[in-house]
Structures are given as C-alpha cells and as structure tokens.
2 protein chains.
Amino acid sequence: MNPPPSCPLCHGDAGLVLWRDSLCRVVLADEAGYPGFMRVILNDHVREMTDLPVADQRALMNVVFACEAALREVMAPDKVNLASLGNVVPHLHWHVIPRFGDDPHFPNPVWGVKQRDKLRAVQSDLDAQLAAAINRLLARVPEKG
Amino acid sequence: MNPPPSCPLCHGDAGLVLWRDSLCRVVLADEAGYPGFMRVILNDHVREMTDLPVADQRALMNVVFACEAALREVMAPDKVNLASLGNVVPHLHWHVIPRFGDDPHFPNPVWGVKQRDKLRAVQSDLDAQLAAAINRLLARVPEKG
C-alpha cells in the first residue's frame with residue numbers, strides 16, 4: 001500500500017540503522033535504560049505478519065532472531081524479549097529487547113510498572129559491536145526466503 | 001533440558017488446549033477483558049528462540065501465525081499483538097492477543113496502564129470457532145519444518 005502521510009516508519013529510518021536489505025531494517029531504539037534495544041522495521045507499510053507472504057514472514061523473523069543472537073553474543077542478557085504490537089503505529093516492527101535482572105522494569109515487560117531507577121553502564125562501542133554481529137550473522141542468509 | 005520442578009509450563013497445559021503437536025500447544029489464556037487471548041507454548045523447557053534449531057523456530061512461528069490468522073478470521077480485531085517475553089517464566093511461550101480500540105488497555109500493550117473498564121461481549125462458541133480455524137489452518141503444515 002502507499003505510505004500513509006502520518007506513518008513515522010514510512011518517512012525516515014526511525015533510528016540509527018545497523019543493517020538493512022530490501023525487506024527491512026534494524027535500528028537502535030534509543031530507549032532510556034535499555035542500551036541494545038533494537039527494532040526490526042519492515043520497509044513497506046504492512047499491518048500484520050499474516051498480511052505478508054510466507055517467504056517474507058520467514059525472512060523477517062530470520063532478521064529478528066539474528067538480532068536476538070547478536071544481543072546474546074555481545075551483551076549476554078538474562079532474557080531477550082520479542083514483541084510485535086503496532087497499536088499506535090500499525091506498520092510492522094519488532095521490538096528486540098535485552099533484559100537484565102536489574103534493568104528498570106525487570107521482571108515486568110518494558111511497558112509495565114517500573115521497578116527501579118537504574119542506568120546500565122554500556123561499553124562505548126556497543127552499537128558497533130551489535131552492527132558487526134548482525135552483519136556477520138545475516139551475511140549468508142538470502143534476502144527474501 | 002529436564003523440566004525444572006518449579007516451571008508451571010512444564011507441569012500442566014496452562015490453559016484449555018485448542019491444538020497441539022509434538023513441538024508445542026495452543027491454549028486459551030483466560031485473561032479478563034481479553035477473550036481470544038491465546039498462548040503458543042513450546043512443549044520442551046527452552047529459554048530463547050535462538051536456542052531452537054531453525055526448523056523448530058519456523059514450525060513454532062507457523063503456529064503463532066496460524067493463531068493470528070484464526071483470530072482475524074473469527075474476531076476481526078483492530079490489531080494483533082505478538083510477544084515472547086518469559087522474564088518470569090523462562091520457558092518459550094508466545095502471547096497472541098486480539099486487540100480492539102475499546103479493550104481495557106488499548107492503545108497500550110496489555111501490560112501497560114489500563115485505559116478503561118470494559119468487558120467485551122463474546123460469542124458463546126468463540127473457543128470452538130478458534131479451535132476449528134486453527135486446526136484447519138494447520139492441517140496441511142508438516143509438524144516440524
């Protein structure tokens with residue numbers, strides 16, 4: 001469908017791009033207290049996973065899982081949270097969130113009640129490390145299924 | 001790994017089972033205000049999607065997407081929310097949630113701040129309709145990748 005004028009994910013990358021192909025892009029989310037929080041954003045304006053052809057569903061999830069693998073490799077989080085919600089912005093995007101037992105909301109979802117004020121110390125080259133890991137992990141995957 | 005004694009998803013179905021195979025099961029979640037809220041629960045105790053072989057990742061997501069398709073067919077929600085969190089129970093399970101503009105938390109995630117008190121009227125045979133749709137949608141999918 002044509003990009004709706006009001007969709008922020010149709011007009012701009014919506015974050016620092018770590019990886020992209022013709023289907024989607026991986027961006028850093030810049031959420032306070034959550035270094036390494038990434039989003040995988042479909043390039044086209046599509047509402048639900050089941051609006052995509054199966055090959056694109058698989059290709060998109062491959063990218064989501066590559067982000068999870070990169071987070072585990074670089075940050076060793078206690079848990080990874082994956083979510084596709086889109087109630088406010090109904091343009092397919094996946095949240096890929098490294099969670100730690102002492103992060104602001106743990107064990108709640110990041111959308112739940114805050115449990116503590118805490119900013120994690122971050123390695124200065126975190127973004128570059130994540131980008132390198134994702135690029136390596138996805139280097140051998142064909143673009144679309 | 002062996003089922004941990006304390007894991008509720010290892011000891012019991014954790015809901016009314018609508019569909020199952022050797023990899024996973026689909027259960028009704030019984031969350032107040034959210035008829036049709038389903039969970040896709042891996043049978044084995046596995047922590048993260050990237051702990052699964054790729055064939056099982058794909059098979060599990062096929063079931064998640066079949067649940068989404070069934071919800072759209074039976075309930076026509078305004079949006080479907082998909083999430084794998086597992087901070088409290090680190091045993092792979094996917095929340096598949098039909099969302100409506102007038103549901104208790106919309107447009108927030110169901111884990112966010114409640115917006116209104118509202119209980120949706122539900123067709124009396126909703127569970128049976130969902131089970132029928134899921135079974136039909138998954139009838140032709142091989143069990144594991």
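Predicted model: local features only at pLDDT ≥ 70, side-chain atom pairs only at ≥ 80, totals over all residues.

Author: A residue is called buried when its relative accessible area is under 20%, exposed when that area is over 50%, and partly exposed in between, with a 1.4 Å probe and protein chains only. Residues are numbered from 1 along each chain as its sequence is written, chains are lettered from A and ligands numbered from 1 in the order in which they are written, and side-chain values use heavy atoms, with hydrogens and water left out.

With contact taken as heavy atoms within 4.5 Å, the meeting of the chains involves 33 residues from chain A and 33 residues from chain B. Buried area is the accessible area (1.4 Å probe) that two parts lose on being put together, summed over both, and between chain A and chain B this comes to about 3000 Å², with carbon and sulfur atoms giving 51% of it. On the chain A side, the residues that lose the most area to chain B are F65(A), K79(A) and N87(A), which together make up 21% of what that side buries.

Rings of Phe, Tyr and Trp (its six-membered ring) pair if their centres lie within 6.5 Å, and planes under 30 degrees apart count as stacked, over 60 as edge-to-face and the rest as tilted. Over all chains the structure holds 2 aromatic pairs. One of them joins W94(A) and W94(B) edge-to-face, at 5.8 Å centre to centre and with 85 degrees between the planes. Helices (H or I, at least four residues) and strands (E, at least two) are DSSP runs numbered from the N terminus, and in these terms the pair crosses between chains from strand 5 (residues 93-99) of chain A to strand 5 (residues 93-99) of chain B. W94(A) counts as buried because its relative accessibility is 0%, and W94(B), at 0% relative accessibility, likewise counts as buried. W111(A) and W111(B) also form a pair, and this one is stacked because the ring centres are 6.1 Å apart and the planes stand at 25 degrees. Here too the pair crosses between chains, with W111(A) and W111(B) each in the loop between strand 5 and helix 2 (126-138) of its own chain.

That loop holds another feature in each chain. In chain A, where P107(A) lies in the loop between strand 5 and helix 2, a cis peptide bond with omega of about 5 degrees joins F106(A) and P107(A). In chain B, P107(B) has its place in the loop between strand 5 and helix 2, and the peptide bond from F106(B) to P107(B) is cis, with omega near 5 degrees.

F65(A) returns in one more setting, among the residues that line the largest cavity, which also include Q57(A), R58(A), F65(B) and M61(B). On a 1 Å grid over the protein atoms alone, a cavity is a set of points where a 1.4 Å probe fits but cannot get out, and lining residues have an atom within 4 Å of a point. Helix 1 (54-75) of chain A and helix 1 (54-75) of chain B each supply at least two residues of this lining.

Key
1 Å grid on protein atoms, 1.4 Å probe; cavity = no way out; pocket = protein on both sides within 12 Å on 5 of 7 lines; lining within 4 Å.
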